[in-house]
Amino acid sequence: MSALSGLLRKEVYHILRDRRTLTVLVLLPVVQVILFGYSIRTDVSDVRLAIVDPAPDATTLALRDRFTASGVFRIVAVLRSERELDALFRTDTAQVAIEFEPGFAERVARGETARLLVIGDATEPNSGTARQSYVTAVVQQYESEQAGHRGGIRILPEARARFNPTRASANLFVPGLMALVLMIISALMTALSLTREKETGTLEALLVSPLRPWQIIVGKVAPYLVIGFVSVLLVLLEARLVFHVPIRGSVTLLLAEGVLFILVALALGILISARTSSQRVAMMTAMLATMLPTQILSGFVFPLESMPMPLQWLANLVPAKWFVLIARGIMLKGVGITYLWQETLVLVVMALVLMTAASRSFSARLQ
Amino acid sequence: MTLRGPSFAFLRRTTVLARAEVLHVVRDRATLAQIVMLPIIQLLVLSNATTFTIRETPVWVVDRDQSTESRGLVDRLGASGYFRIEGASMSGEPANEAMLRGDATLVLTIPTDFARDITRTGSAPVHFDVNAEKGAAAGVVQSYASQIVAAYARELEMERRPRQSLVRDVPSGMQAPTTTGGHIEAVARSWYNPALNYKHFMVPGILVALVSMIGTLVTAQNIAREKEMGTIEQLNVTPITRAEFIAAKLLPFWVLALLDLALGLAVGHLVFGVPIRGSLLLLFASAGVYLVVALGIGLFISTMVETQQQAMFVTFFLLMIYLLMGGLFTPIDSMPRWVQLLSELNPIRHFATIMRRILMKGAGLDDIARPLGILALYATLILTVAIRRYRKQTA
Amino acid sequence: MTALAIEVRELTRVFGGFTAVDHISFDVAQGEVFGFLGANGAGKTTAIRMLTGLLQPSSGGAVVAGHDVVRETEMVKSRIGYMSQRFALYDDLTVRENAQLYGGLYGLRPAAIDVRLRGMLGRLGLERAERSIVGSLPLGWKQKLAFVVALLPEPSVVFLDEPTGGVDPITRRQFWEMIYEAAHRGTTVLVTTHYMDEAEYCDRISIMVDGRIAVMGEPATLKREAGVATIDDLFVRLARPATTGTT
């Protein structure tokens, strides 16, 4: 056992000495929490509104005032014709515009329909649509009040957000971020570490030593397991303190599932290292096979339901997808294993399959 | 002696080293894969995956009224194309369950007195419970729902108008409402992306990310590898100057990145239909300026690390910050003010802005003058700093 | 009197608390083959780094090929050749491509490079190697080819840092013949090595111990004065007190 502890000690020294990598590993999750928290939003505020009002009258002015008073919009220009609008959009000076048709108030008074164009910059479709909706909402509210005055029908929607009362995006991505961090540390670092030993030839020296293969793997991999665990705890802590992300369910269950996921990632890392011979190739493979899918196909940033079917199927192969489901369930909905046993089973199966493949590849190398 | 004069010597030394660099790249399958294959795969997968498009949202209906009016509303919702009625019940419990399971994103609760309130007072509330787990989508979903509700209110009003005008008193001073009633109709127009195709937004962003990856990551890795292997010493001992060395190192990747951009753009246009409404020349000129910044950053990183692994990690870390805060996948306008201010320092943000303006809005030079100017400034800055830091000496 | 190719005065280099090179002084005449000997870690590589302009001295100075290494570093570089211990040629390029690179960096025209390269390869019987990828060649060939490429720009001084590491004795012998030939043609060669038997091949040698030059002179003279049969014996005698503190 002392041989193993010697190996462990050496690994720890390695890690501690490489300050730059260590800094990145520790800072990465911390920074990511902040970044994701503040960047992944599509809430709309301070909307830059341009008004095209060729023939201002009482109604158009009344509506214009509504927009100013709404607190959501900021009028950046008032134009006479639509022609100048393109230039405003091209420089992103305006994000949405309203164009009144001439004779607005007249038409309303005569009982006809007065049209108003809501022109959105749909370069980013959701913001574009959201802004248009907000404009329409202001118009509708005005309409509603007028309708109330003249005895029309009003249906008043009262909305309530469930599971995420503050609508903070942090709740959404923290599970995915945990998966990503664990993937990086367990899969990527392990792969790099083992491949580096291969490259420098020291792996052969290890194999020749009295250490058994499983001891070598444990010795190389255990430090990263610990780092991974610590990282995840840091992420959870930070998410809690900065963004008040809840953990409504059982923390023990969450950590247990975390360990399960770590095993899957570790097996992946070992598998990759068994198949590659240089650090650069290992890095690339790891990025392609672990990090990219975790970021893109796990549903943690981009909603899976929005993707084309083939990609949704592909996502089922991504361990992170299942972990994100589990973590979200535990943290945000407070559900327990009864709801999550299927997803857990998937992870267990993945772990077994990958570990078998990894150990087989590893011993094949020994021959 | 065969030197022809200082200026030609500069050109020759740079060319000679640059040619060797190109040979290195061409002969190294791993780097080639990194530069050619990876971007293509990423482009194809990412373009399809990175979308926030909202498809049919599942709705659970709790209709406590079960009147003609309430059913009319539910029908309206279902027929809109945005929503799919997942289930219905008289009580809230099944709705809760559905939300918990993730089967429903929206729960519409119509209270018991819905129809009666409408007939008597002309106004009635309905309740939406939105699964805010969906984040951004939740807001838009709610917005759609509200619009449908408002449209339905109008519909009801139209139906009742003829009867009501007979029943209601007309207050003096106000014009008598006519059969249809003066009504303001808001018509939505979506410019630049009428089909609301998310790919048109994402693909330029993905291209920026890919090109940055090549520019920064490969450069940093490249020089770090030379340091790690000791080959850099052999170059440091020759008469080559710092500027020549840097030019020779950066030039091949500058060209490669531009080629990759062209390739990616072609794929984006032909496969995903991303429009090219502006001048390609302007686009590539801007890309050229941006790449100097990206490469300069890679160079700078390489002066700070000793091994390839460190180069990869530091670059990846930095790139990730830049990419997330650069408005590539989520619009900068949605971020808090302080983040928006910080993003001015982010070259990726400016390049992405330029790309999108040129491609989707047909912007010209004066439309992109500001971001382009900022990029040019950064280019000069980073190059100066990186060259100063790089010394032809060990320790 | 022939001009001095290398003049070293009180050259010193300190790393933190450790003095790697401790006030060394010596001269090397033009056309000389000077052996810079010492055990691993004695400071040889650090000294060479300073003489080739790769490292700044902490104090002291040197003049190499007529230029001051501190104040005219780039001029020095244009006059010297260098073969480093860790690396010779780029493994993924051909010999010719390597030659075109280094020759070009020193200002040679492509045609001239080809002519010189072929001439040198021919003299060594290595013509076939011209278009071969360096990585595919045996180690002994690589060392020799690295030397060829280092000599391409016809530098006046050439620094070789452990050039014969890891090759068989026959190849080592051939390498030294190449060194002699270069010296005959007027190139000054400063070579570091920890193979003490190679000392016999040099015109003069110095032995570094713990950063200082312990002895310097012609091999035969030194052996006679110390009463030993080989330079190796001389070295062992010098090195032992330094490591164990006893005589």
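A salt bridge here is a side-chain nitrogen of Lys or Arg within 4 Å of a carboxyl oxygen of Asp or Glu. On that rule, chain B and chain C share 2 salt bridges. Before going on, the conventions. This is a predicted model, where local features need pLDDT of at least 70 and side-chain atom pairs count only at pLDDT 80 or more, while totals for chains, interfaces and linings use all residues. Residues are numbered from 1 along each chain as its sequence is written, chains are lettered from A and ligands numbered from 1 in the order in which they are written, and side-chain values use heavy atoms, with hydrogens and water left out.

Let me stay with chains B and C. In one salt bridge, C:Glu97 meets B:Arg27, at 2.8 Å from N to O. Helices H1 (6–27), H7 (198–229) and H8 (231–236) of chain B each give at least two residues to the side that touches chain C. Helices (H or I, at least four residues) and strands (E, at least two) are DSSP runs, numbered from the N terminus. The largest share, 8 residues, is from H1(B). By class, this side of chain B has 11 nonpolar, 9 polar and 8 charged residues. For the classes, Ala, Val, Leu, Ile, Met, Phe, Trp, Tyr, Cys and Pro are nonpolar, Asp, Glu, Lys and Arg are charged, and the others, Gly among them, are polar.

In total, 28 residues of chain B contact 31 residues of chain C, contact meaning heavy atoms within 4.5 Å. The buried area is about 2900 Å², with 56% from carbon and sulfur atoms. That is the accessible area (1.4 Å probe) that two parts lose on being put together, summed over both.

Now chains A and B. How many residues of chain A are in contact with chain B? The count is 106, against 116 residues of chain B. About 10100 Å² is buried between chain A and chain B, 61% of it on carbon and sulfur atoms. The interface holds 6 salt bridges. B:Arg357 pairs with A:Asp92 in a salt bridge whose closest N and O atoms are 2.8 Å apart. Helix H6 (residues 125–150) of chain A gives the largest share of the chain A side, 15 residues. That side divides into 55 nonpolar, 24 polar and 27 charged residues.

Strand S4 (residues 113–121) of chain A and strand S5 (residues 183–191) of chain B run parallel, joined by 9 bridges. Two strands pair if DSSP finds at least two bridges between them. A:Val118 has B:Ala188 as its bridge partner.

That leaves the sheets of chain C. One is an open sheet of 6 strands, ordered S6-S7-S8-S3-S9-S10, with mixed pairing. Why is one side of S6 (80–83) and of S10 (212–217) left without a neighbour in the sheet? Both stand at the edges, each with a single partner strand, so one side of each has no neighbour there. On average, neighbouring strands of this sheet are turned by 15° against each other, direction ignored. S9 (residues 204–209) and S10(C) run antiparallel, with 5 bridges, and C:Ser206 stands opposite C:Met216. Helix H7 (residues 219–226) of chain C packs on this sheet, touching S9 and S10, its direction making about 105° with that of S10(C). Axes are lines fitted to C-alpha atoms, for helices over the stretch in contact, and angles run from 0 to 180 degrees between N-to-C directions.

The other open sheet has 4 strands in the order S2-S1-S4-S5, with antiparallel pairing. S2 (18–29) and S5 (67–68) of chain C are the edge strands. S1 (residues 4–15) is joined to S2(C) by 8 bridges, where C:Phe15 stands opposite C:Phe18. S1(C) pairs with S4(C) over 5 bridges, with C:Thr12 opposite C:Ser59. S4(C) and S5(C) have 2 bridges. In their hairpin, with 2 residues between the strands, C:Ala65 takes a positive phi near 50°. Helix H1 (residues 44–51) of chain C lies across S1, S2 and S4 (59–64), at about 120° to S1(C).
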